[in-house]
Amino acid sequence: MQLYFPLLPCVPTKGASVNPWMAKEASMYKTETWNWEVGQRTIADMTPKSDHTWQEEIVMSPDGEKASAIVCLDDAEFSIRTNDDVSENTFEKLWELTYAANGDLCCYAMQDEEWTMVVADKPWEETYGFVWSPLFSCDGNNIATAVQQDMEYGMSVNGSIWENLYENANNFAISPDGKKSAAVVQVTPMGQADLKTFRNGIFSIAVDGIAWDTHLMNLWTPVFDANAYRVAAQVRLTLYDYSIIVDNTLWDNTYQGVWNPLFTPDGKHVVAPVRQGGKWGLAKDGQLIWKATYANCWHQQFSPDGENLFAIVAPEYGKFTVAVNDVPWKMRSPVITDLAVSPDGNSAAALANTLNTNWQICVNGSTWNGSYDMAWKPVFCPHSSSVAAKVRKNGKYSVLVNGKNVGGEFDMCFDPIFSDDGGKVLIRGVHEGKALRVVANVPN
Amino acid sequence: MNSLYNFAVGPLAWAAFIILAVTAVWRLWSMYNLAKQKDASSVAYMSWQFSLRSIVNWLIPYNSLGWKTNPVLTAVTFIFHICFVVLVIFVTPHQILLENAFGITYPTLSSEAADVLTLITIACCCYFVYRRVTNVTVRYVTRSNDWISLGLVAAPLVTALLGSWGVGGEIMPLLHVLTAEALIVAIPFTRLAHILFALFTRAYIGSEFGGVRHCKDW
Amino acid sequence: MSIQDRKIDDEGLAYGVSKLTTDKIQQTFNALINNETGAKLKAFSETCMRCGMCAEACHFFVSHGNDPSYAPVGKVSQTMSKLLADNGKVTPDDIYGMAQIAYTECNLCRRCVHYCPIGIDVAYIMTTIRRFCHKLGVTPQYIQDTAHSHSATMNQMWVKDDEWIDSLFWQEDEAREEFPGLRIPMDKEGADFYYSVIAPEPKFRTQLIYQAAAIMNQAGCDWTMPSMPGWDNSDMCMYSGDFEMMGRLKRQHYELAQNLKVSRIVMGECGHAFRSIYDNGNRWLGYKDYPVPVVHSIEFFAELFEQGKIKLTGKIQEPVTIHDPCNIIRGYGLMDKLRYVAHQLCDNIVEMYPNREHNFCCSAGGGVINCGPPFKKVRVEGNLAKANQLKATGAKICIAPCHNCHGGLEDIIHHYDLGIELKFLGDLIYELMEKPE
Ligand code: SF4
Ligand code: SF4
């Protein structure tokens, strides 16, 4: 599993809700313990078995040694198949099958109308009315989830539920080490179509279940810093005044709009896109550091040392690119997504597309040859010298490393992972029903 | 009187046209800049193809839903605009002025034909007045500037006709020139500004309907 | 007649107006003109010839005995023209009326564009009035509550995260009895499309999710449904004038697709959401086109029929008429595809007139129905035109591929006692398609 970064306000992500630069630094996979012998190996024949009613989408462990899928054995009888074995634990319903970074297989499970999380084949002791939005610490050892219990809402971390639950909760987050969790919570009940109560502010942020005493109209996308458990979030103070809140304290200035805030790597400052005079720029602790000149500006990221600041921007209406320290790349595209910053902080890669097709991979402003029906977020090697990306063309998946096809074609595949020294790349995929594990040398 | 007239068709006319040119260019230019600055998300969709498509289709009488639903007004509108433009260009005195100024010659209307066209155009104006007063909707939205614009258009026509019939002696041609100059100068600042902008609003909505909404706008 | 003679009590409008002063109104108006509007509004306002040609376009006008205060230009003259003429110096009471006009007496249907020789977009002017009223905090109670819901939950009906997922599981379970092995795949990365709906579906009309799942299943689509917020494509913020929230909603909707790496979004039979996605929301985010193609159900069903993926057991024989929803026909030109699909399903189609891009609005669109019960009478009585159109067809069934149109037409059919049954295309396809024994 690659760390899946929180690009979206309140969309549960499959990775820790952390500053994105963290991931590369805190090497989340123990790749040194994996088998890096070059070559291809069949892990298992994952063709659905005839005695199963159906088999769901296949996931593969980070090290590529295991392939798993939810299988339906009978009416309301679900289990998990890993390689050729089917777990003996069955449930009435299973969903959201995910490998954590440490290789634990996790899944939501329901039995007798009670939901819980199953980690490495062991269900948590606590059960809930409902569970969703799994969040993992960088190393995958800690797991948080959104929970509903008796129609009250909150979170549970490693199977212990918050002490306080709320009328509603959403926009869930966990700290990079997985020790703390946070969410936007509704602290005051509100009647139907009650405009006044809403405008007085009924929301706040609860960290480990304890709500801040500032109650606001709206809050979105709480995010933790690297290690001090500080939390920042977007807020809307009135119907049209937006700002940022950091540890229960609002910025002094308000804006026409804001997007997701981000802590600097040292955790001392917060940077967020802000809208002024109809244009977007970046503000740090409430002061503009990139003047508001862009038609849009979002997905900002720091280099690990905090020296370089990257963001996806639209210097002109309808034309997007990446800006580095407020200087846009020369290339333009109708859409730019999936910005990735290298571990050394000197390079960035992103994806360009037109109408969600003709995907191209851009590294430091220049575009690789070839365009694809779909592409996935580029991955840098630990030394920043190589970039890989998973792509799809005409229904076939493959992995590009430094612009070249490596490891062949698959019916589906997962994000590539580099070895510690950056010399090899692990490609995991499924082809003609077989789960494959390919280790290839990195081409120059 | 003569020198006054000469002044009116000479320096004053130049002045009127220069004022029109300058203010028109200034209005169009500032509108363009305003659009670029604040309507970027609209300007981006301007397309020649869809602009022309829309303009052409609206230039055909009874082609659009609007023209079809208002048959009399449509006839009057087309006749009025065509006659007005023909008169402005093709009456002999105008051609003579142009010849004196730039040496341009071309065939012109006989004075009888000009009179008939002028009458028709005045009749159109009368219809506009009638409609403004009797049509409940139009009356509901009519303000003084609608009357001013109508007056500004009608005045040179009426004075031209009276002049051609010899009513009022020398004063009429002078009044004609002065009212025409008033009209020229007023274009960018009154409802007559549609002369400058209508093509662009049409082109814009045509582009939006063609390019974004995949649909005709007539 | 003028708006002053027909004010309707609404808590939201009253509450908003109670906090206004003439100064605040003027300040807000100047800020709007200086910071937000540009050449478009200026040109439209100056170039309008006050010819009244647009009057006949509007169902409110024709249904109210040609009352000029309901004419498109009549509404402009009571709102924007007045504000511009007075430099924004109007009373709170004036604002009440302006809000009522802009929110409840114009469906932003753009039918009047087909009537105006100058090309003036009255819907844009009314939208700008709504924007102004939003900035003043003067919005009808129910649509504002919907906007609040959007901001708090990213859907329009206060549906909580778990309720959404639970409804999907529930519908999957139900559908499995009829279609063994049916799945609603959740969060399937790289699928061809994710299917998006509006929040009333999980809340009140789960049958529609059931039908969609059945159709996708029978047609063998590579599809998914997202478990995460962003699944709701609806957008009342676009209509309340809260453009910032509109942008935020659309960002969530698109990024959900971008994160799931689906090739496109297929949306249910809804009109306004489509407008929000391809026309308004994308622009606010700086996208010239939509970043992820959004395919309306009409196009999607047409595609399934063209590829022979849906097999029917028969066709409807009774007379059926078609209502053309503004946002997908005048707004996106899907009239031929709509007819193609309708003819696949019905043998006896009776067109209503005017139709296609000239069709009359249902009078529920543009957020009007979302302004709630206080304004129901206005929109129903304001659409006698539609009732007459429907009656003239003699049809027993009317296809209306839009949620808002359904709401609006239902009220009209009831009020004028037309005895017509309303159907979504999905209803008919589900009814007619081959099913396992
Ligand atoms: S309801 Fe439609 S026709 Fe009437 S004014 Fe509004 S946009 Fe124009
Ligand atoms: S038809 Fe156009 S120009 Fe005439 S009154 Fe209506 S909006 Fe104005």
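How many salt bridges does the count come to over all chains? In this predicted model, the count comes to 44.

**Stop 1: the interface of chain A and chain C**

Display chain A and chain C together. Here 68 residues of chain A are in contact with 64 residues of chain C. The area buried between the two chains is about 5800 Å², and carbon and sulfur atoms give 56% of that area. Select A:Leu195, A:Tyr240 and A:Tyr317 next: these residues supply 11% of the area that chain A buries against chain C, more than any other three residues.

Six salt bridges are counted between chain A and chain C. One salt bridge joins the side chains of C:Lys261 and A:Asp338, at 3.0 Å from N to O. On the side of chain A that touches chain C, helix H2 (residues 195–200) of chain A gives the most, with four residues. That side of chain A divides into 41 nonpolar, 14 polar and 13 charged residues.

**Stop 2: two salt bridges within chain A**

Select A:Glu65 and A:Arg41, whose side chains meet in a salt bridge at 3.0 Å, N to O. The pair links distant parts of the chain, 24 residues apart: A:Glu65 is in the loop between strand S3 (59–60) and strand S4 (67–74), and A:Arg41 is in strand S1 (residues 39–45). A:Glu65 is partly exposed, with a relative accessible area of 27%, and A:Arg41 is partly exposed at 33%.

Move to A:Lys319 and A:Glu316. The closest N and O atoms of this salt bridge are 3.7 Å apart. A:Lys319 counts as partly exposed at 38% relative accessibility, and A:Glu316 is partly exposed at 43%.

**Stop 3**

Are C:Arg131 and C:Glu244 buried or exposed? Select both: they form a salt bridge with the closest N and O atoms 2.8 Å apart. C:Arg131 lies in helix H8 (residues 122–136) and C:Glu244 in helix H14 (residues 243–260) of chain C, so the pair ties together parts that are 113 residues apart in sequence. C:Arg131 counts as buried, at 3% relative accessibility, and C:Glu244 is buried as well, at 4%. Next, select B:Glu208, B:Arg213, C:Arg110, C:Asp121, C:Asp279 and C:Arg283, which are joined into one network by salt bridges that share partners.

**Stop 3: C:Ser276**

Centre the view on C:Ser276, found in helix H15 (residues 272–284) of chain C. This serine is buried, with a relative accessible area of 0%. The side chain of C:Ser276 makes a polar contact with that of C:Asp235, at 2.8 Å. Beyond its neighbours within four places in sequence, C:Ser276 is in contact with C:Asp235, C:Met238, C:Lys250, C:Gly281 and C:Asn282.

**Stop 4: the ligand shells**

Select ligand 1. Residues around this ligand include C:Cys58, C:His59, C:Cys106, C:Cys109, C:Arg110 and C:Cys112. The shell divides into six nonpolar, two polar and three charged residues. C:Arg110 also belongs to the salt-bridge network visited at stop 3.

Finally, select ligand 2. Among the residues surrounding this ligand are C:Cys48, C:Cys51, C:Cys54, C:Cys116, C:Ile118 and C:Ile120. The shell around ligand 2 divides into nine nonpolar residues, one polar and one charged.

Conventions
Residues are numbered from 1 along each chain as its sequence is written. Chains are lettered from A and ligands numbered from 1 in the order in which they are written. This is a predicted model: local features need pLDDT of at least 70, side-chain atom pairs count only at pLDDT 80 or more; totals for chains, interfaces and linings use all residues. Side-chain values use heavy atoms; hydrogens and water are left out. A residue is near a molecule or strand if one of its heavy atoms lies within 4 Å of it. Ala, Val, Leu, Ile, Met, Phe, Trp, Tyr, Cys and Pro count as nonpolar, Asp, Glu, Lys and Arg as charged, and the others, Gly among them, as polar. Contact means heavy atoms within 4.5 Å. Buried area is the accessible area (1.4 Å probe) that two parts lose on being put together, summed over both. A salt bridge is a side-chain nitrogen of Lys or Arg within 4 Å of a carboxyl oxygen of Asp or Glu. Helices (H or I, at least four residues) and strands (E, at least two) are DSSP runs, numbered from the N terminus. Buried means under 20% relative accessible area, exposed over 50%, partly exposed in between (1.4 Å probe, protein chains only). A polar contact is a pair of N or O atoms within 3.5 Å; within protein, one must be able to donate a hydrogen and the other to accept it, and residues adjacent in sequence count only if both atoms are side-chain atoms.
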